[in-house]
2 protein chains.
Amino acid sequence: MNKVAVVAYGGIKFSRDNIPIESLLLSATKNLFDQNSKLDQKDVDVVLVSTNDNSKYLSAILAELSGIEPKIAHTVESLCNSGTNAAVSAFSYISAGLAEVALVVGADRFDSPGQILQWDNSRGEYKHPIYWASIFTKAYKRKFETTNEELTYVAAKNHRNAKNNPFAFSNKSFSFDELMNSKILTNDLRMSDCSRPCSGGSAILLASENMARKFTDKPVWISGIGQKTMSAGFTKNKNISNMISTQKAAKIAFDMSHLKPDNVDFAEIHDAFTVCEFMALEDLGLVQRGKSAQYVKNLFETNNMKINPRGGLIGSGHPLGATGIAQIIEVVQQLQGTAGKRQINNPSVGLVHNMSAAATSSTVLLLKS
Amino acid sequence: MNKVAVVAYGGIKFSRDNIPIESLLLSATKNLFDQNSKLDQKDVDVVLVSTNDNSKYLSAILAELSGIEPKIAHTVESLCNSGTNAAVSAFSYISAGLAEVALVVGADRFDSPGQILQWDNSRGEYKHPIYWASIFTKAYKRKFETTNEELTYVAAKNHRNAKNNPFAFSNKSFSFDELMNSKILTNDLRMSDCSRPCSGGSAILLASENMARKFTDKPVWISGIGQKTMSAGFTKNKNISNMISTQKAAKIAFDMSHLKPDNVDFAEIHDAFTVCEFMALEDLGLVQRGKSAQYVKNLFETNNMKINPRGGLIGSGHPLGATGIAQIIEVVQQLQGTAGKRQINNPSVGLVHNMSAAATSSTVLLLKS
């Protein structure tokens with residue numbers, strides 16, 4: 001398989017602002033070009049947009065606005081993991097030899113239609129993600145005797161990490177008590193357990209081995225790719241205290257890369273809700289089953305940023321189509337040693353976990369410097 | 001580059017029926033499975049949906065409805081050439097080695113939101129495709145002194161071919177005079193010059209060289225792929241009597257396949273409007289500039305089906321996300337010798353031309369038996 005690297009990135013600060021989808025896409029792209037003087041529009045063979053927005057032909061619109069005339073251009077949608085799906089698609093175009101350089105830009109608005117699971121009749125009236133998250137949370141808490149306080153360490157850690165992420169929706173400080181006492185939404189979820197929809201855009205540039213060093217002397221290689229879709233409807237889940245699609249995607253990614261969970265120095269985890277971070281840590285093989293509460297509390301108390309260094313979805317916000325791309329950017333910055341106050345000590349392998357719709361589908365990526 | 005073949009297909013009759021998008025996708029998929037007893041759901045690594053529908057997560061929904069648990073699943077959108085974009089994406093996943101077998105299903109409803117170019121502010125009030133088609137038609141007619149009668153041969157030929165296509169929206173016979181005297185829509189377009197939106201679904205199965213012969217003893221290889229996006233807005237077009245994106249896509253596809261226009265035995269052309277068939281024939285290098293009117297008239301008079309044997313978009317209807325897939329199916333049937341009354345004599349190379357939004361982007365595929 002021909003190697004493919006992430007060689008550049010760009011982003012904007014996530015917000016609740018009422019920004020047109022085209023502007024979100026263009027601003028992230030402009031930031032990428034502004035940071036990469038060696039990149040010319042003529043270099044770009046592929047423009048992929050990842051979004052849940054209803055607008056059509058956004059990849060051609062972004063290409064025109066950016067002065068690019070790509071060979072391949074289209075939108076990729078798979079709800080909350082649209083971003084990593086688009087990145088893997090770009091990887092494939094390059095690895096197959098149809099392209100040398102691909103721009104992948106994810107964006108969504110705070111009012112993205114991907115937030116409500118309109119399509120899932122099995123959910124009855126309960127089409128908002130907080131309902132599946134409540135069921136997940138209740139199941140996990142029951143199985144492992146987990147407390148609200150333990151779940152709150154996820155939020156506390158991720159908000160703390162987000163304070164050093166210039167692209168994060170909120171850089172605000174929250175005390176542990178503030179989070180514990182945040183608004184109750186369901187029997188099992190408070191506001192602090194939830195990631196928040198917002199407007200945001202994130203862009204990455206992928207390149208073939210042949211072209212990568214034109215743009216950077218520190219290419220970050222995509223060495224493991226795992227994806228799995230189990231179903232669309234939540235009620236097909238056979239087990240609701242873990243995420244089977246994540247387990248299966250992780251196995252595929254680790255097999256492809258010849259790496260093991262022990263080799264992972266840090267990870268971007270899809271903490272759509274606090275319980276998702278616990279479940280994912282275990283399904284990825286990073287933490288023993290049922291031990292995540294202790295593990296995360298320890299990370300918080302020792303100021304260790306290795307899980308969700310940019311603040312995760314809870315700290316950074318969740319503009320659906322941008323999230324997977326923003327996760328990849330964080331891994332690239334960490335592996336290039338440019339993560340500033342968020343920098344982890346000398347990492348060599350980073351993991352991205354991006355999922356959709358109650359983990360009915362998951363992507364796991366392993367990136368290496 | 002690892003070889004990839006089309007090994008199976010399925011479809012449904014296009015109609016104006018009010019069918020849910022999920023049912024269109026599932027019916028085409030079911031028809032594919034029904035025709036291929038060697039295909040098991042477990043074989044399928046990738047499920048891609050091509051559509052302009054606003055529904056989200058359709059690939060996961062189709063996978064669940066079909067009993068497939070794929071690795072890779074997402075929607076691809078690029079207006080009218082969504083279908084070939086999805087097919088090329090599936091090609092890449094397989095050729096790169098991330099998958100062995102990919103199901104690609106395109107569908108749209110008669111009321112698809114992709115029919116109105118909401119996003120193109122440069123079009124002012126003229127967001128319906130008939131406005132760009134009128135400008136194209138006027139420009140072509142002026143440059144080559146083409147008459148309404150000559151354009152009508154496109155419609156007459158394609159409606160005649162469609163009569164033998166069981167999936168076509170209309171199998172009705174039209175006299176030449178009926179078409180000539182159809183309702184006038186703009187100064188340069190009558191109803192008979194236009195393809196019609198409809199509800200439809202089309203499915204293909206792609207496989208690696210390793211897996212192809214499990215499903216068929218006549219795999220059809222995708223040997224040339226060319227894609228080009230020039231812009232999103234029609235007003236960026238520098239030349240309105242031909243289609244630059246089609247020229248550029250054709251060059252890439254012919255270069256990749258080491259074939260020449262003379263090697264093409266038959267072609268599926270994106271005749272969204274009659275003039276598009278003339279322009280595409282010339283931009284693809286199949287006919288000399290300005291000679292298409294005579295060429296098409298001759299095809300009609302000699303009952304030659306080599307251009308748009310299934311009836312094109314004008315004869316078969318145009319369910320946007322399905323069209324590119326339906327075009328590929330026709331080429332596969334012709335190359336496998338199973339096109340029935342539409343069968344061309346012993347072809348070995350077929351071409352697909354699929355475009356979007358006033359040919360601001362085009363895909364050209366070359367397929368070989």
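Two strands are said to pair if DSSP finds at least two bridges between them. This definition applies to the predicted model considered here, in which strand β3 of chain A and β3(B) are joined by three bridges.

**Pairing between the chains**
- Strand β3 of chain A, formed by residues 72-77, and β3(B) run antiparallel.
- Within β3(B), Glu77(B) is the bridge partner of Thr75(A).

**Contact between chains A and B**
- The contact involves 49 residues of chain B and 49 residues of chain A.
- On the side of chain B that touches chain A, at least two residues each come from α2 (58-66), β3 (72-77), α3 (82-96) and β6 (220-229) of chain B.
- The element that gives the most to this side is α3(B), with eight residues.

**Overall form of chain A**
- Chain A contains twelve helices and nine strands.
- The C-alpha trace of chain A spans about 55 × 40 × 35 Å along its principal axes.
- Chain A has a radius of gyration of 19 Å, which agrees with the value near 21 Å that a compact globule of 369 residues would have.

**Interior and contacts of chain A**
- Of the 369 residues of chain A, 64% count as buried.
- Among contacts in chain A with a separation of 6 or more, 80% are between residues 24 or more positions apart.

Definitions and conventions. Residues are numbered from 1 along each chain as its sequence is written. Chains are lettered from A and ligands numbered from 1 in the order in which they are written. This is a predicted model: local features need pLDDT of at least 70, side-chain atom pairs count only at pLDDT 80 or more; totals for chains, interfaces and linings use all residues. Two residues are in contact if their C-beta atoms, placed from the backbone, lie within 7 Å. Helices (H or I, at least four residues) and strands (E, at least two) are DSSP runs, numbered from the N terminus. The radius of gyration is taken over C-alpha atoms; the globule rule is 2.2 Å times the number of residues to the power 0.38. A residue is buried if 20 or more other C-beta atoms lie within 10 Å of its own, exposed if 12 or fewer, and partly exposed in between; C-beta atoms are placed from the backbone.
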